[in-house]
Amino acid sequence: MENIGYYNGVFAPVEELMIPACDRGVYFGDGVYEALRVERHRFFALEEHLSRFRASLAFLRIPFEMTDEALVAILQETVDRVESESQQIYFQVTRGSAMRTHAFPEGAQPNLLIFTRGVPLADIVERRRLIVLPDTRWGHCNIKSINLIPSVLAAQAAKERGCTEAVFHRDGVVTECSSSNLLMLKDGVLRTAPTDERILPGVTRGHFLMLARELGVPVDETAFTLEEAYDADELMVTSTSLHGLPVCELEGKPVCGRDEPLLRKLQKAYREYFYGSI
Ligand code: PMP
C-alpha cells in the first residue's frame, strides 16, 4: 500500500475513506491533530506528540477516552499497512458527529481519523526563501486545532511567491511560521520565541534547544523582532517534516549565511538524535 486511512475502526486507502458529513470536524473544525515522522515503521518522539495531543484535547474539552496504549496500537497497525520506510502519519480527533449546533452536542462520541503515507525527509542542505506576513491567527496558537485557515492562506501566499514558508509577526515581533517554528542564530546564541499562546510548542523546536544546550550553545527563549530576523547570522525553520531548514532570503532580501558552521553542527546533531531515537 502507498497510503492508508482509518476512521473509527475502518481502514481504507485515503482517497476512498468516507467520513460522515455531520462530523464536527467538517463544519466547525472542532478537533485537534498531531503529525509524526515514522522511520522503519517506528515513531519518532511519540511521547512528546501524545502529551501535546492530550493538552490540545483538554483545552477543547473533547472527552477522548481511548488510552494512549490503545491509540498507539491503532497508529502502529496503520503504519504497518504502508510499505514505505519513511512515512508521515497524521491523526485527528473531533468532538463527534451530530446535527450542526454550536454548543457541544450531548452524547456525541469523539471521532478518530488517521492517515499515513510515504514522505521522504526534507533536504536540509539547500537554503530556502521565506515571506513575511502579519499573524492573524487566534489567541491559542499553542493548541493544535484543525482550524488552520490563516496558515493555509499564508502557505499559499508563500507558494505563489516561490517560497517555502511564511514568517508570522505580531506588531513586528516574530511568532513562528505557518506550519513550523523559526529559530535564529546570532552571535553564537540560539534564540526563538517562548512557548506561550502565540506559538505551537514544536517538538522539533524543543529538540533543537535541548541539543544546543548539550553542545554548550547558549539558548535564549525571548521573541525577536523582524528587524532582528533580517540581521540574523542564521535562521532555521523547524518542524516534524522539515527538521531544520536553513534560510537565504526574507521577503526577497538576502539574509543569513553568517554562521554556517554552527548551523550545520546543529542540523547534524539533530539528524543524529533523530536516527538514534527511532
Ligand atoms: N508551528 C506550527 C504552527 C505548526 O503547525 C507546526 C507543526 N507543523 C510547528 C510549529 C512545528 O511543530 P513540530 O516540530 O512539533 O512539528
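Let me start with Arg95, in the loop between strand E5 (86-94) and strand E6 (111-118). Helices (H or I, at least four residues) and strands (E, at least two) are DSSP runs, numbered from the N terminus. Arg95 is buried, at 5% relative accessible area. Buried means under 20% relative accessible area, exposed means over 50%, and partly exposed is in between, with a 1.4 Å probe and protein chains only.

What does the side chain of Arg95 reach? One polar atom of the side chain lies 2.8 Å from the backbone oxygen of Leu60. The backbone oxygen of Arg61 is 3.0 Å from a polar atom of that Arg95 side chain.

Before going on, the ground rules. This is a predicted model: local features need pLDDT of at least 70, side-chain atom pairs count only at pLDDT 80 or more, and totals for chains, interfaces and linings use all residues. Residues are numbered from 1 along each chain as its sequence is written, and side-chain values use heavy atoms, with hydrogens and water left out.

Now the ligand. Where does the ligand sit? In the largest pocket. Pockets come from a 1 Å grid over the protein atoms alone: a cavity is a set of points where a 1.4 Å probe fits but cannot get out, while a pocket is an open set with protein on both sides within 12 Å along at least five of seven lines, and lining residues have an atom within 4 Å of a point. To sit there, a molecule needs more than half of its atoms within 2 Å of the grid points.

Which residues come nearest to the ligand? Arg52, Glu176, Val203, Thr204 and Thr240, out of 17 residues around the ligand. A residue is near a molecule or strand if one of its heavy atoms lies within 4 Å of it. Strand E9 (173-177), helix H5 (203-214) and strand E13 (234-239) each give the shell at least two residues.

Next, the polar side chains at the ligand. Arg52 places a polar side-chain atom 2.8 Å from a ligand oxygen. Glu176 has a side-chain N or O atom 2.6 Å from a ligand nitrogen. For Thr204, a side-chain N or O atom is 2.6 Å from a ligand oxygen. Alone, the ligand exposes 390 Å², and the protein buries 90% of that. Accessible areas come from the Shrake-Rupley method with a 1.4 Å probe; for residues, only the protein chains shown count as cover.

On to the cysteines. How many disulfides does a search of the whole structure find? It finds 0. A disulfide here is a pair of cysteine sulfur atoms within 2.5 Å. Cys177 is buried, at 1% relative accessibility. For Cys256, the closest cysteine sulfur is in Cys248, 8.1 Å away, so that is too far for a bond as well. Cys256 is also buried, at 13% relative accessible area.

Now backbone angles. Most residues other than glycine have a negative phi, and most peptide bonds are trans. His41 has a positive phi, near 65°. His41 is in the loop between strand E3 (31-39) and strand E4 (42-43). At 19% relative accessibility, His41 counts as buried. Asp171 also has a positive phi, of about 50°, and is not a glycine. Asp171 sits in the loop between strand E8 (165-170) and E9. Is Asp171 buried or exposed? Exposed, with a relative accessible area of 82%.

Back to side chains, with His243. His243 is in strand E14 (residues 243-250). It is buried, at 1% relative accessibility. The side chain of His243 makes a polar contact with the side chain of Arg271, at 2.9 Å. A polar contact is a pair of N or O atoms within 3.5 Å; within protein, one must be able to donate a hydrogen and the other to accept it, and residues adjacent in sequence count only if both atoms are side-chain atoms.

Last, some pairs across the chain. Phe43, in strand E4, is buried at 11% relative accessible area. Phe43 and Gln88 are 45 residues apart along the chain, with 9.4 Å between their C-alpha atoms. Glu260 is in helix H7 (residues 260-276) and is partly exposed, at 33%. Glu260 and Leu185 are 75 residues apart along the chain, and their C-alpha atoms are separated by 9.8 Å.
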